[in-house]
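The sequence and the structure are shown first.

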Amino acid sequence: MVRIGLIGGRGHTGREILRLLSRRDDLVLALASSRELAGRKVRETAPELATELAFAAVTPEDLRDAKLDAVILALPNGAAAPYIAAIDARTVIVDLSADYRFNEDWVYGLPEIYGRGPIRGAKRIANPGCYATCGQLAIAPMRDALDGPAHVFGVSGYSGAGTTPSRKNDAEALADNLMPYALTGHIHEREMAQHLGVGVRFSPHVAAFFSGLSTTVQMELKSPMSAESVRERYTAAYHNEPLVALTTDVPEPAMISARPGALVGGWSLSEDGCQLALVSALDNLQKGAAVQALQNLSLAFGLPEYV
């Protein structure tokens, strides 16, 4: 039985992690941290989780003596470092922020693309971003065939903007609207480019639905390809991946909402075979965050990735 501490249990992702833990008999929640929910029973937030544990306002110092096998950090970007410094080096950490996705001392945990070997037994695992997961799944099988950067048009539900009030999670501002933001320099653009080893241009948007995420990817190819050869590449890349489904239909966020995996497909080629467009979709709270965190945690301990 792996004893887990969850730091940041109030947000949408924390809520999903608690729900997923309720389905596991090999992972037990031993600590749940939230300043806003301190003193309240965890089951008030996650009634499916049979526990008498209450949320606590946990400080980094509190973790020095915590007897935990693993810690999941579901904190805003820039907040993880004090907690990591206090956690024993033998304790597995899965960090959902962007803070360590570019750190060579951490394993980048996207097993469907970069393999499971580095994650098994790892102590420090950086969970990829939701857009970065979706975009990389679409681009990865074509990396060696690209002639220039891949262009990624992303649309996410407003849960991706978190629980702190802003225009990006304001139902009134989003009604009948599509909200572009961070049109240059988005951290997920840099994340995709660094790990894929190819250029990426990324344009994110937020829409009025709650959860779900879609990336439409345009790629210029070095030489003409047929639709069959493109599909063969994606089949070879993902045929053994239970959480990645391929489809000839164009994936839509509603097709995958509240489900654990990703859809990739809807391939379309220009007449000359040199321009490829396709779509990937996932739930930003599931494979885009909580499901991926549990995958990475489970791989680190040699447990089933998803139950």
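## Basis of the model

The model is predicted: local features need pLDDT of at least 70, side-chain atom pairs count only at pLDDT 80 or more, and totals for chains, interfaces and linings use all residues. Residues are numbered from 1 along each chain as its sequence is written, and side-chain values use heavy atoms, with hydrogens and water left out.

## Overall architecture

The protein chain contains 10 helices and 13 strands; these are DSSP runs numbered from the N terminus, with helices (H or I) of at least four residues and strands (E) of at least two. Along the principal axes, its C-alpha atoms fill a box of roughly 60 × 45 × 30 Å. The radius of gyration is 19 Å, which agrees with the value near 19 Å for a compact globule of 307 residues. That radius is taken over C-alpha atoms, and the globule rule is 2.2 Å times the number of residues to the power 0.38.

Of the 307 residues, 54% count as buried (buried means under 20% relative accessible area, exposed over 50%, and partly exposed in between, with a 1.4 Å probe and protein chains only). Among contacts (heavy atoms within 4.5 Å) with a separation of 6 or more, 68% join residues 24 or more positions apart. The chain exposes about 13,200 Å², of which carbon and sulfur atoms supply 50%; accessible areas come from the Shrake-Rupley method with a 1.4 Å probe, and for residues only the protein chains shown count as cover.

## Cysteines

The structure holds zero disulfides, a disulfide being a pair of cysteine sulfur atoms within 2.5 Å. Cys 134 is in no disulfide, and the nearest cysteine sulfur, that of Cys 130, is 8.6 Å away. Cys 134 counts as buried because its relative accessibility is 1%. Cys 274, at 18% relative accessibility, also counts as buried.

## Helix H1

Helix H1 spans residues 12-21 and is mostly covered, with seven of its 10 residues buried. These buried residues are Thr 13, Gly 14, Glu 16, Ile 17, Leu 18, Leu 20 and Leu 21. They pack against strands E1 (2-7), E2 (27-33) and E3 (70-73), and against helices H2 (42-45) and H10 (286-300).

## Leu 276 in strand E13

Leu 276 belongs to strand E13, residues 275-282. Its relative accessible area is 0%, so Leu 276 is buried. Leaving aside neighbours within four places in sequence, the contacts of Leu 276 include Met 142, Val 217, Met 219, Leu 221, Tyr 234 and Trp 267. Leu 276 and Glu 220 are 56 residues apart in sequence, yet their C-alpha atoms are 6.4 Å apart.

Ala 175 lies in the loop between helix H6 (171-174) and strand E8 (179-180). With a relative accessible area of 42%, Ala 175 is partly exposed. Ala 175 and Cys 274 are 99 residues apart in sequence and 38 Å apart in space, C-alpha to C-alpha.

Ala 182 is not a glycine but has a positive phi of about 45°. Ala 182 is placed in the loop between E8 and helix H7 (187-196), and is partly exposed at 36% relative accessible area. Ala 258 likewise has a positive phi, of about 65°, although it is not a glycine. The loop that holds Ala 258 runs between helix H9 (253-256) and strand E12 (262-269), and Ala 258 is exposed, with a relative accessible area of 58%.
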